[in-house]
Amino acid sequence: MKWITREKIEADRVAWPQLIKNFIDRDAELVFPPNDTDWQKCSDGTVFDVPNCELGQHAEDVSFNSLPKRLNVSDPALLLLAEIVRAADSHPANPHHGGESLRWIAAGFGRLGLTERKFVTYDVLFAECKHQNSQS
């Protein structure tokens, strides 16, 4: 399955591969066309985190919150990760305390030009979310 979003990925869109590959499609192909793409004409995959799409930002929810809600995914570790990502990517009323650190880490990877290496951050964070949920 092909997943399509904008180039220059940040905190929210970097988290998507974690979500997609662990809960939907291990062999997913992620595509990052330029920001000036006509998103309405993209019909050969699932479009996310672009203007005016179903799997985008809605109120305080970032796009990463959209897919678990749409698919009724209720994995506690994923929902915890979604709250951290939401806090990193937006400014919700009650942000998770891990959000600010994630925002800094994601920005630092970007400043070093290491965008592809950002993905491991979310693998590590998801592993910790699983561990935290097993402790409760």
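The legends below describe a predicted model.

**Figure 1. Crossing of helices α2 and α3 in the predicted model.** Helix α2 covers residues 63-71 and helix α3 covers residues 76-89. Their axes come within 8 Å and cross at roughly 155°. With the cut-off at over 145 degrees, α2 and α3 are therefore roughly antiparallel to each other. The handedness of the α2 and α3 crossing is left-handed. In general, the angle between the axes and the distance between the axes describe two packed helices.

**Figure 2. Residues in the contact of α2 with α3.** On the α2 side, the contact is made by Phe 64, Asn 65 and Pro 68. On the α3 side, the partners are Leu 78, Leu 79, Leu 81, Ala 82, Glu 83, Val 85 and Arg 86. By class, the residues of this contact divide into seven nonpolar, one polar and two charged.

**Figure 3. Asp 49 in the loop between β3 and α2.** Strand β3 spans residues 46-47, and Asp 49 is found in the loop between this strand and α2. Phi of Asp 49 is near 50°, a positive value in a residue other than glycine. Most residues other than glycine have a negative phi. Is Asp 49 buried or exposed? The relative accessible area of Asp 49 is 5%, and buried means under 20%, so Asp 49 is buried.

**Figure 4. Asn 52 in the loop between β3 and α2.** Asn 52 also has a positive phi, near 60°, in a residue other than glycine. Asn 52 is found in the loop between β3 and α2. The relative accessible area of Asn 52 is 74%, and exposed means over 50%, so Asn 52 is exposed.

Figure 5. From the N terminus on, the order of the elements is β-α-β-β-α-α-α-α. The C-alpha trace spans about 45 × 35 × 30 Å along the principal axes of the chain. For 136 residues, a compact globule would have a radius of gyration near 14 Å; the chain has 14 Å, which agrees. Of the 136 residues, 42% count as buried, Asp 49 being one of the buried residues. Among contacts between residues at least 6 apart in sequence, 59% join residues at least 24 apart.

Conventions:
Residues numbered from 1 in each chain as written. Predicted model: local features only at pLDDT ≥ 70, side-chain atom pairs only at ≥ 80, totals over all residues. Heavy atoms only, no water. Axes fitted to C-alpha atoms, helices over the stretch in contact; angles between N-to-C directions. Helix = DSSP H or I, 4+ residues; strand = E, 2+ residues; numbered from the N terminus. Parallel < 35°, antiparallel > 145°, perpendicular 65-115°, else oblique. Left-handed = near helix turned anticlockwise from the far one by under 90°. Contact = heavy atoms within 4.5 Å. Nonpolar A, V, L, I, M, F, W, Y, C, P; charged D, E, K, R; others polar. Rg over C-alpha atoms; globule rule 2.2 N^0.38 Å. Buried < 20%, exposed > 50% of the residue type's maximum accessible area, 1.4 Å probe, protein only.
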